[in-house]
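Q: I'm new to this one and would like to learn how to read it. Could we go through it feature by feature?

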Amino acid sequence: MTESSFISSTRDVPAVSGIPRHIAIIMDGNGRWARKRFLPRVAGHSRGVESVRSVIRACMERGVSYLTLFAFSSENWRRPADEVSFLMQLFMRSLQKEVDRLHDNSIRFRVIGDLSRFDPKLVDMIRRAEARTAANEKLTLTIAANYGGRWDILQAMTRMLAKNPERREGFTEEDLSSELSLNYGPEPDLFIRTGGEQRISNFLLWQLAYSELYFTDTLWPDFDVAALDEAIRSYQARERRFGRTSEQLRQAEGVVSPSGGHA
């Protein structure tokens, strides 16, 4: 999959297809899934890995090109220390087990977020996995780890001004967006949050400007292929106008009215 610059839905009208090109997911509800079964919270995180595998496979089968998963937010450090430690170990174990499978299935692996707080061994594993899968083209799988939308915008601003100090006097959206963490792919078409909460929790604040939002009560460990298809059906029923009127959209699509003319 070739590098592509960030395409802004506030500047241009993106192409719309029946299958989302890019799906972004907040995988919420692991702890509650475990508590309902009188299990420790970490058991939910372990079970959630199975849902990750299932969703990756389903996205490939349905022709989704980009899948971005919010694995660990910059605010998740506030969780109990033992849970954070388990999540880091789970990340390492999963990466060790899955990188061969990702590569064999032509999946490109990327991680976005501030990795400075992670164990150097984990960071090295991430970088080696990214390098190994860099030329793969079937699906770009991005994991957001120690990621926050505000952090993303601030670090993009810092990098832009470090490279081009003269832009302090004025810069464009394109100048800034080229420094964002997801500058290699399109904005998400469909955002999914499991677990019943209805907020985006500092995830991809810039990139979700015109994404279709889908919230489900299904807890992440229970989110299966049928649940993904339901989210995609909801997306397909949306009218993606990008600031235009319904009439303009129908004209652009060449919809014919009952009288025989174009609506």
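Predicted model: local features only at pLDDT ≥ 70, side-chain atom pairs only at ≥ 80, totals over all residues.

Q: Which residues is Asp-28 in contact with, leaving aside its neighbours within four places in sequence?
A: With those neighbours set aside, Asp-28 is in contact with Arg-193, Thr-194, Gly-195, Glu-197, Leu-219 and Trp-220.

Q: And what does UniProt list under "binding site"?
A: The UniProt record, an unreviewed entry, gives Asp-28 and Glu-212 for "binding site". Such annotations may be inferred rather than shown by experiment. From this set, Asp-28 is part of the lining of the largest pocket.

Q: Next up, cores. What do nonpolar side chains tend to do in soluble globular proteins?
A: They tend to be buried together. Here, the largest nonpolar core has 45 residues, and the ones touching the most other members are Ile-23, Ile-25, Leu-67, Phe-109, Leu-141 and Ile-192. Helix α3 (residues 81-104) gives the most to this core, namely eight residues.

Q: Can you pick one of those and show me what surrounds it?

Q: Now the rings. How do I tell what kind of aromatic pair I'm looking at?
A: Check the angle between the planes: under 30 degrees is stacked, over 60 is edge-to-face and the rest is tilted, provided the centres lie within 6.5 Å. By this rule there are nine aromatic pairs. One of them joins Tyr-147 and Trp-151, 6.0 Å centre to centre with 75 degrees between the planes, which is edge-to-face. Tyr-147 is buried at 0% relative accessibility, while Trp-151 is partly exposed at 27%.

Q: What about the pair of Phe-191 and Phe-203: how far apart are the ring centres?
A: Their centres are 6.4 Å apart and the planes meet at 50 degrees, so this pair is tilted. It links distant parts of the chain, twelve residues apart: Phe-191 belongs to strand β5 (residues 190-193), and Phe-203 to the loop between β5 and β6 (212-215). Phe-191 is buried, at 0%, and Phe-203 is buried at 0% too.

Q: Which residues form the aromatic cluster?
A: Phe-70, Tyr-147, Trp-151, Phe-191, Phe-203 and Phe-215 make up one cluster.

Q: Last one: where does Gly-113 lie?
A: Gly-113 is in the loop between β3 (107-112) and α4 (120-132), and counts as buried at 17% relative accessibility. Gly-113 and Ala-145 are 32 residues apart in sequence, yet 5.2 Å apart in space, C-alpha to C-alpha. Leaving aside neighbours within four places in sequence, Gly-113 is in contact with Ala-145, Asn-146, Tyr-147 and Trp-151.

Terms used. Residues numbered from 1 in each chain as written. Heavy atoms only, no water. Buried < 20%, exposed > 50% of the residue type's maximum accessible area, 1.4 Å probe, protein only. Helix = DSSP H or I, 4+ residues; strand = E, 2+ residues; numbered from the N terminus. Core = buried A, V, L, I, M, F, W, Y, C linked by side-chain atoms within 4.5 Å. 1 Å grid on protein atoms, 1.4 Å probe; cavity = no way out; pocket = protein on both sides within 12 Å on 5 of 7 lines; lining within 4 Å. Contact = heavy atoms within 4.5 Å.
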